[in-house]
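Good morning, and thank you for coming. Please look at the sequence and the structure as I show them.

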Amino acid sequence: MIDIKLLRDNTKEVIELLSRRGGDFSYLNDVIKKDERRREILITVEQVKAQRNEVSKLIGQYKREKKDVSEILSQVNSIGENINELEKELMVLEDEIRNMLLETPNIPNIDIPIGFDDSDNLEIKKVGTIPTFDFEPLPHWDLATNLDILDFDRAAKITGSRFTVYKGLGARLERSLINFMSDLHAIEHGYTEIIPPYIVNGDSMLATGQFPKFKEDAFKVVDDRDLYLNPTAEVPTINLHRNETIDVDLLPIKYTAFTTAFRQEAGSAGRDTRGIIRQHQFNKVELIKFTKPENSYIELDKMLQDSCRVLDLLKLPYRVVVLCTGDLGFSMKKTYDIEVWLPAFNTYREIGSISNAEDFQARRANIKFKRTKDSKLEFVHTLNGSGLAVGRTVVAILENYQQKDGTIKIPDVLIPYMKTNIIK
RNA sequence: GGAGUAGUACUCAAGUGGCUGAAGAGGUGCCCCUGCUAAGGGUAUAGGUCGUUGACGCGGCGCGAGAGUUCAAAUCUCUCCUACUCCGCCA
């Protein structure tokens with residue numbers, strides 16, 4: 001949630017910055033007007049309440065002294081009627097303001113490129129050499145089907161489209177990557193490992209920004225409770241500290257969380273229908289940080305390095321882009337995407353995303369810290385990044401490590417996990 | 001899933017309509033005495049949020065969450081959440 005005080009004091013600038021995302025944010029002028037009206041009413045209501053409290057106290061005192069209270073009682077009756085109406089208006093206004101703010105995305109960082117879509121993203125780094133093949137490289141779905149390590153047809157039978165069965169060394173590859181990534185971040189990069197619940201409640205989804213705006217993307221758990229399948233480990237892991245004041249000495253807190261993620265992929269019908277690029281269910285190792293405000297961008301860059309390290313070690317070619325304002329996610333102020341080279345697609349495809357939400361999520365989730373015993377509470381900054389998307393890493397390995405005979409070489413760092421150096 | 005009990009400040013805990021933003025204890029800070037891998041005495045310490053103010057301050061709301069009754073709710077009513085105990089079921 002954006003800070004309404006910031007909006008109040010810098011309405012024009014905030015609207016201008018938000019407009020860089022594309023879309024019309026002039027409704028925020030109405031928010032300001034409603035907020036003015038709200039405070040106006042609030043002052044009156046509170047004054048009347050103070051009055052009423054005083055008189056009520058008197059009644060108590062009189063009763064104790066066994067004095068007659070009928071006169072004050074009739075006097076106080078009219079006070080209540082007065083504020084009922086105003087309180088109703090107040091509640092409506094508060095609701096409207098809150099709802100509009102909850103649907104308002106984070107203000108993009110001033111220094112990120114202004115643009116419309118992913119074609120306007122800014123490449124800042126390119127690593128590794130794009131492999132050349134003396135044969136026509138196959139897409140991962142053909143490689144995997146030929147090797148009998150992914151089964152799309154049977155998954156469709158069991159569940160439906162956009163689900164996959166991993167089989168044999170395919171399953172082992174997925175599992176090896178999960179362990180490799182988790183070990184790397186937990187043991188070498190100093191993140192605390194978390195396995196959170198895979199079902200989260202509506203409050204958690206609201207706190208990280210999935211709700212209310214993107215409710216249709218979530219899988220509702222099939223009963224009448226307010227529960228949803230985990231769409232990304234970011235949700236349960238950020239919500240670990242919802243409504244908490246974090247001990248300042250613990251900052252920055254670094255978590256790595258492996259989860260299976262579930263997404264409706266609403267709005268992506270017809271896109272990436274072949275293979276496992278875009279699934280309703282996929283595995284992801286996530287990185288999450290809670291930091292002091294002044295350190296969040298340093299920590300963001302470190303997190304980016306930690307993510308890139310996965311691809312460095314797997315020796316997969318990739319590039320890093322800064323998302324432009326039009327491509328930036330709802331809750332984020334700045335995002336780096338890591339894109340891995342996919343030979344069959346002949347392009348780079350997103351495999352991870354590293355973002356700083358600053359205080360946007362902390363505000364929704366009410367996560368604070370105190371610098372010293374006497375200082376005021378401040379919101380922490382929250383960061384999250386992929387470390388990485390496991391399924392897409394499988395894709396990248398299959399396609400980049402494929403050989404002429406259709407077998408797949410295993411990257412050196414994975415051999416201890418795979419117990420083999422080839423999928424054949 | 002059934003039946004019951006409970007949720008008060010950092011912790012434990014008192015409190016069935018007004019004198020309770022909340023007794024008492026522990027903890028923590030400071031002081032004294034003592035002296036040193038102890039103990040005793042004194043004293044201080046209540047959060048958060050919203051509004052208002054240049055500031056000191058003042059006011060509203062807060063006793064798991066939400067709604068209600070009342071001039072007035074920690075206290076009464078309803079709904080929900082969580083924990084514990086017993087039963088049932090089960091990796």
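I begin with a definition: two residues are in contact if their C-beta atoms, placed from the backbone, lie within 7 Å. Helices (H or I, at least four residues) are DSSP runs, numbered from the N terminus. The model is predicted, with local features requiring pLDDT of at least 70 and side-chain atom pairs pLDDT 80 or more, while totals for chains, interfaces and linings use all residues. Residues are numbered from 1 along each chain as its sequence is written, and chains are lettered from A and ligands numbered from 1 in the order in which they are written.

Consider helices α7 and α12. L173, E174, L177 and I178 of α7 meet V390, T393, V394 and I397 of α12. In this contact, six residues are nonpolar, one is polar and one is charged. Here Ala, Val, Leu, Ile, Met, Phe, Trp, Tyr, Cys and Pro count as nonpolar, Asp, Glu, Lys and Arg as charged, and the others, Gly among them, as polar.

Finally, I turn to RNA strand B. A residue is near the strand if its C-beta atom, placed from the backbone, lies within 6 Å of it. There are 18 residues around RNA strand B, and E46, A50, S56, I59 and G60 come nearest. The elements giving two or more residues to this surface are α3 (27-64) and α4 (70-102). The largest share, 13 residues, comes from α3. By class, the surface has seven nonpolar, five polar and six charged residues.
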